[in-house]
Amino acid sequence: MEKYLYIALFAPLASSLFAALFGMSPKKMFVGVIASILLGISFLASVVLALYVNQTGEGIHVTMMEWIGAGDLLVPFGFLVDQVSVTMMVVVTLVSTVVHIYSIGYMDHDKSFNRFFSYLSAFVFSMLVLVMSDNFAGLFIGWEGVGVCSWLLIGFWYHKPDVSVEENPSISPSWAANEAFIVNRIADLGMLVGIFILFWNTGSLQYDVVFAQIPHLSEAVLVAAATALFIGAMGKSAQFPLHTWLTDAMEGPTPVSALIHAATMVTAGVFLVIRANPIFMVTPDVSYFIAALGTFVAFFAASMALVNRDLKRIIAYSTLSQLGYMFAAAGLGAYWIALFHLAAHAFFKALLFLGAGNVMHAMHDELDIFKMGGLKKSMRWTYIYMGVASLALAGIPPLAGFFSKDAIIETAFNEGRLILWAILVLTAGMTAFYSFRQVFLTFEGDRRYEEFGIHPHEMYKFVLIAMAPLAILAVIAGFFQSAFHSFITQLLPNYEMSAHTHHLVWILGAIVLAFAVGGIALAWIKYSKGLKRSEKVENGFLYKLLKNQYYIPKFYADFISKPYAMISELLWKSVDMKIVDATVDGIARLLYNGGDSARKMQTGNLSNNLNWMGVGLVSLLLVATITALIG
Amino acid sequence: MIGLSHYLILSGLLFAIGLVGILRRKNLLMLFFATEVMLNAANVAFAATSHYYGDLTGQMFAFFIIAIAASEVAIGLGLLIVLYKKTGTLDLDNLATMKG
Amino acid sequence: MYEQIAFYLFSVLTIGLFLVTVLSKNLLYAMTSLAAGMVLVSGFFFLLGADFLGVVQLIVYVGAVMALYAFAMMFFDATKDTKENNTNGSWIFLLGGLTALLLVMMFAAPIFSESVVASYPSVEGATNPQNVGMVLFTKYLIPFEVAAVMLLVAMIAGIILAGKKMDHSLTTNEDNIEVKTLSKEEEL
Amino acid sequence: MDNILSILVFFPLIAGVLGFVVDKKSIRVYGISVAIVEFLLSLWLWSSFDGNNPGMQFVELVPLIPDFGINYYLGVDGISLFIVIMTALMTLLGMIAISIERDIKNLILSLLFLEMAMVGVFVSLDAIIFYLFWEFSLVPMLYIIGAWGGPLRIYASIKFFLYTFTGSLIMLVGMLFMAYLYQSVSGVWSFSITDWYALVLPVNYQLWLFVAFFLGFAIKVPMFPFHTWLPYAHGQAPTIGSVILAAVLLKMGTYGFVRFSLPLFPDASVMMIMPIATISIIMIIYTAMVAYAQEDIKQVIAYSSVSHMGVIVLGTFAMNAEGVSGSIFLMLSHGIVSGALFLLVGVIYDRRHTKLMSEFGGLASVMPKFAVIFGFMLMASVGLPLTIGFVGEFLVLLGFYHLSPIVTILAGTTIILGAVYMLTLYKRTFFGPVTNEENKKLNDLDGKEMIALVPLVLIVVWLGIYPKPVLEPIDNSVKSLLTFMEKKAQTPLAKEKITLSQTSKEAE
């Protein structure tokens, strides 16, 4: 089985290196094909591993080689395939394979076609390292690796110039890429600190050793470690207040958004919490904070999605919102439900993004849904895909989202967190509304795009076929809930609803469903017939607040970026040059000027010299007298 | 009773007088005179020490100082004469060729 | 008793004479008072029992050196008052006074150890010149000879320097300089 | 080859002297061949080095002035071995990448003399010999900056020389006093460092001596607020000068801390942890911010060097094997990465004769290979895992966390601030449209530059993925150093702060 592990892990690396060989050459179709095939192999190997793990109920643990060894620290390259990681592996490799095939079509006309595949495969490799590693340092490799790949991919169209924030809130791909990397780095520091805490208290970074030590650790240490690790998770999973980068990351090519910023990388934070569940289980306060923050982000992001006009940004907000759901579940202790929602979300959200990619491809990179409409004629399959994905997202039975999201909302109720429950239910309604607002504005109603002289066309067939597995999974994934439950709880702590909740499960489900259907109905009423804009609403305070993302990016720009730049400038020009360096130069000048003025003593006049000699004599005598007096 | 200190104090005063001369005067010949005063002051100190310690070394030094003073005067006056012939003055303020 | 009287008398006189030497505007006065002061210094030597040194002082200083000065002054116009741009007095007297004060302080302080052992004690019963002679021609023989050579060298040097014919002598240079510059121009 | 160290030290010197008669046209080939031989010799040294022996190896001892205990005393251990190899490597690659034509003969000969001095510093075990090499290394560098530098070169080179010289004079006083103390305790003079190690000093003496040595090293590192010579030196130096300066000369300071300050004054070192950590944090944060404000690419990297050196100094005073080993590893990685970055800046300077970021933009489209290698080194510089930069930084921060979590968190901002200025630099230089006409026709890296840069890329990856061959000997020596310090320490504070690893404890 180790063989399959290595195949699953290294096939993407091989793909990346192979594509990198042609990185600077013009487009070569075979690069995309071979990369996709290698990813497919990785997927198959993951499936084999999943079956094996399912059959035997045991994980596979290999240590490839030693990485860092200094003092008492010993970090190997060790890989662990157990129920959690194999789930992630299957999800990651499946979505990546689809995205790779999709990209062959989507990146069709891009001159950096080969480079794109190199980055994309490198990302998959990093992600696999992240999920498969058997220690925190290895996790950190993947953690940073996906960060860099995300940087490369967001900034893929690096040649675009910077524009003003009014024109494009993300300024430019390269700006968005840097923002994503730097924000993630802030969180990574938290992650590192968490690693340090664990190392100095347990003497190791291996998951099994660390988790075995937990009973011996003091509560303060555990809380500190859990908090620090969660700060790391907040960055990667774009939780408030580190969330701004995710919407800006939509500057990257759409397959990237589908793979990285919806299905895989952003869920790394959730994965970390699930992976380190023994730590979070014994720190209820931190867990509750996670749940509360998750709930808040779910609502907060959904509210911003309500008014946005950008096709991809709406989906990005919904991703943010769904990540909030996952954290809520994980924070409430329902780790397996969080993981289940993670997987289900990966399928339908990737599908949604790829559908959006189709629309963009058809609309010549136009993203404003107010300029679209009536696309259902020319893009029937895309409409179906996006419709299915949106239904799944809205949580309409029997699609995947219903099962996973409903379970999370139930958990909140079950835990007695009724405020959280209420917010989550409300958010479910909002989710349904904005998803279908987007779908209807894009595909129904009048053809607003005709004003702009665009002739939309459906995506290539093979691309549509490649998207099919995701669509199918988005529909049926929910049915595997119980099978997944029994599979995953071999490793993760079981979480069952109490009998009381069980009684009410239909009522609860009905409430959520009512909100969801209500949201969809509202969207249908408002948008299916075409766009009716209301000046009054759009000038309202609430609309503006939401449209400007609660002014948070502006706040960051005005109160962090600009002051930082200003202080830097000040430190350089005033402190470094005018104080530190000037002191040094001042000392030098003092000596120089001292010498220069002492030079004036050399008048050449003997009498003067004699006078100076007299001064010297007197001072020597003075010294002698004083020393004599003191001594 | 006159002790060593009396002599030394006297010699100190004489030395200071010589020093004032050296510092104050600009005429080279006067500088020579002032130097002589200082040398004499030193001689007195030597002789006094020699006397009060019953050691002849002090006198020897005074003796050599006199010898050196004599040579100095011989050469110094020679140089002064050369200088005077060359510049027509013995004033130090006119001799500033070493100005830095 | 007479020793004390002599000491104080000589002291006052010496200080006075040397002050005249240092402060007088007239070279001749200065030289005369210097010679007188030196005579008095030799008096101190006699008081201290250094007869030989006193004699040397009289012969060498008051005799030879003063004679040299006197002859040298014939070269300079010594009868006139010297016109000097003397350095600011208070500053000089401050330095001089400070020196005097410090020296006096040092000498007045009882810092000299009592345990000084004479390395060349005077021989009992011998007169001072005898003693001096004994030390001078044993321990200090080489310095003595060196001093002799030095004196010889100094004498020769003095003669040569004083007798040197100057290229641009004060008395002749006025014209010569012009001639020289002319000849230089011609060469060019 | 018992005298391998002497050969390593004096081969460049002899080759340099012989180089005066080499023809000007072939001097370049001559210089590179000498550097290759030197590099191979250093590799041979590594191959015959016993990684399990933490002590000094290849020791050579020839009395020079026996009356004062001054000996020609050389040796290497795990701490110095790799710095020597890196010195040889960076000199070689720097020499390959030289693009200067003017007076190239003198330049190459200066480099060879410089190499002698640098290798000498790292292998000498006698304080006087150490000091001689230490000071001698200033002279060729002075020439390199002063003769081939930019418009302010004279100011920069004199500043560099006088500043570092002042520091080392204070260090010399410290050395003399140390020798005096040794003499007053043992009755014989000795300047040998290993003899000094045995000397247990009273704590107040330790503090004074620590400060004297500290000034010498701190100016060299350079630590805040003694750092201002560095931006000038880097800004004005030719590419090769910057490479050697950043890669090797700065490491002399931190190496001095490990070789002198820690084992000689364990108690004082422990007492000075917090002041030094404070300075390090100022270095890390302050210079990172200053780097962000720079307009000149080279200045950014120069200030980033100061910032990274802050991390190295912090690790040196972590007082546990993780931190100190990490710090030494970081010296190597910083040497390689900053050297490479300076080489890369040199590439662009050769083409455009400017280093201002505002002149560039969109270079990634014009010079893809250049952009790739630059990006790669940038990632190594910000400490991406699986590159050489991560290993050291991670170990240093991990190690210092044991002493002070707060300091570590503040120091950890280096991974954020480093990303900020480096990515800004990259964005301004490489991303965006090509706006400047002159940039449209720039040539990508040529063969010569690739030869110099590709090995560095390979090393960055290799040591990032598999640092063990280097880290293990370092770690062994560091462990024995710490064990020694722990034994020698007198104050309870020092006993408490110096943390021995499990393996060293078992060995006792």
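User: What percentage of the 631 residues in chain A do buried residues make up, and what makes a residue buried?

Analyst: Buried residues account for 55% of the 631 residues in chain A. A residue is called buried if 20 or more other C-beta atoms lie within 10 Å of its own, exposed if 12 or fewer do, and partly exposed in between, with C-beta atoms placed from the backbone. This is a predicted model, in which local features need pLDDT of at least 70 and side-chain atom pairs count only at pLDDT 80 or more, while totals for chains, interfaces and linings use all residues. Residues are numbered from 1 along each chain as its sequence is written, chains are lettered from A, and ligands are numbered from 1 in the order in which they are written.

User: What is the corresponding percentage for chain C?

Analyst: In chain C, 27% of the 188 residues count as buried.

User: Why is Ala628(A) called exposed?

Analyst: Ala628(A) has 12 C-beta neighbours inside 10 Å, and therefore counts as exposed. Its place is in helix 25 (residues 606-630) of chain A; helices here are DSSP runs of H or I with at least four residues, and strands are runs of E with at least two, numbered from the N terminus. The C-alpha atom of Ala628(A) is separated by 76 Å from that of His243(A), a residue 385 positions away along the chain.

User: What secondary structure do chain A and chain C have?

Analyst: Chain A has 25 helices and 2 strands, and its C-alpha atoms fill a box of roughly 110 × 65 × 55 Å along the principal axes. Chain C has 7 helices and 0 strands, and its elements accordingly read α-α-α-α-α-α-α from the N terminus on.

User: What makes a group of residues a nonpolar core, and which residues have the most contacts inside the largest one?

Analyst: A nonpolar core is a set of buried Ala, Val, Leu, Ile, Met, Phe, Trp, Tyr and Cys residues joined through C-beta atoms within 7 Å. The largest such core has 436 residues, and Ala350(A), Leu351(A) and Ala474(A) have the most contacts inside it. Helix 15 (residues 335-362) of chain A contributes the largest share of this core, 20 residues. Beyond its neighbours within four places in sequence, Leu351(A) is in contact with Tyr385(A), Ala389(A), Met467(A), Leu470(A), Ala471(A) and Ala474(A); contact means that the C-beta atoms of two residues, placed from the backbone, lie within 7 Å.

User: Which chains share the most contacts?

Analyst: Among the 4 pairs of chains in contact, chains B and C share the most contacts. Chain B supplies 64 residues and chain C 73 residues. On the side of chain B that touches chain C, helix 1 (4-24), helix 2 (28-53) and helix 3 (57-87) each give at least two residues, and helix 3 gives the most, with 23 residues. That side of chain B divides into 40 nonpolar, 15 polar and 9 charged residues. Ala, Val, Leu, Ile, Met, Phe, Trp, Tyr, Cys and Pro count as nonpolar, Asp, Glu, Lys and Arg as charged, and the others, Gly among them, as polar.

User: Why is helix 2 of chain B called roughly antiparallel to helix 1 of chain C?

Analyst: The axes of helix 2 of chain B and helix 1 (residues 2-23) of chain C come within 9 Å and cross at roughly 155°. Axes are lines fitted to C-alpha atoms, for helices over the stretch in contact, and angles run from 0 to 180 degrees between N-to-C directions. Angles under 35 degrees count as roughly parallel, over 145 as roughly antiparallel, 65 to 115 as roughly perpendicular and the rest as oblique. Helix 2 of chain B is therefore roughly antiparallel to helix 1 of chain C. Phe33(B), Ala34(B) and Val37(B) make this contact with Phe18(C), Thr21(C) and Val22(C), a set that divides into 5 nonpolar, 1 polar and no charged residues.

User: At what angle do helices 14 and 15 of chain D cross?

Analyst: The axes of helix 14 (residues 297-316) and helix 15 (residues 321-352) of chain D come within 8 Å and cross at roughly 170°, which means that the two helices are roughly antiparallel. Their contact includes Ile301(D) and His308(D) of helix 14 and Leu330(D) and His334(D) of helix 15.

User: How do you know that chain D does not touch chain B?

Analyst: No contact joins chains B and D, and their closest C-alpha atoms lie 25 Å apart.
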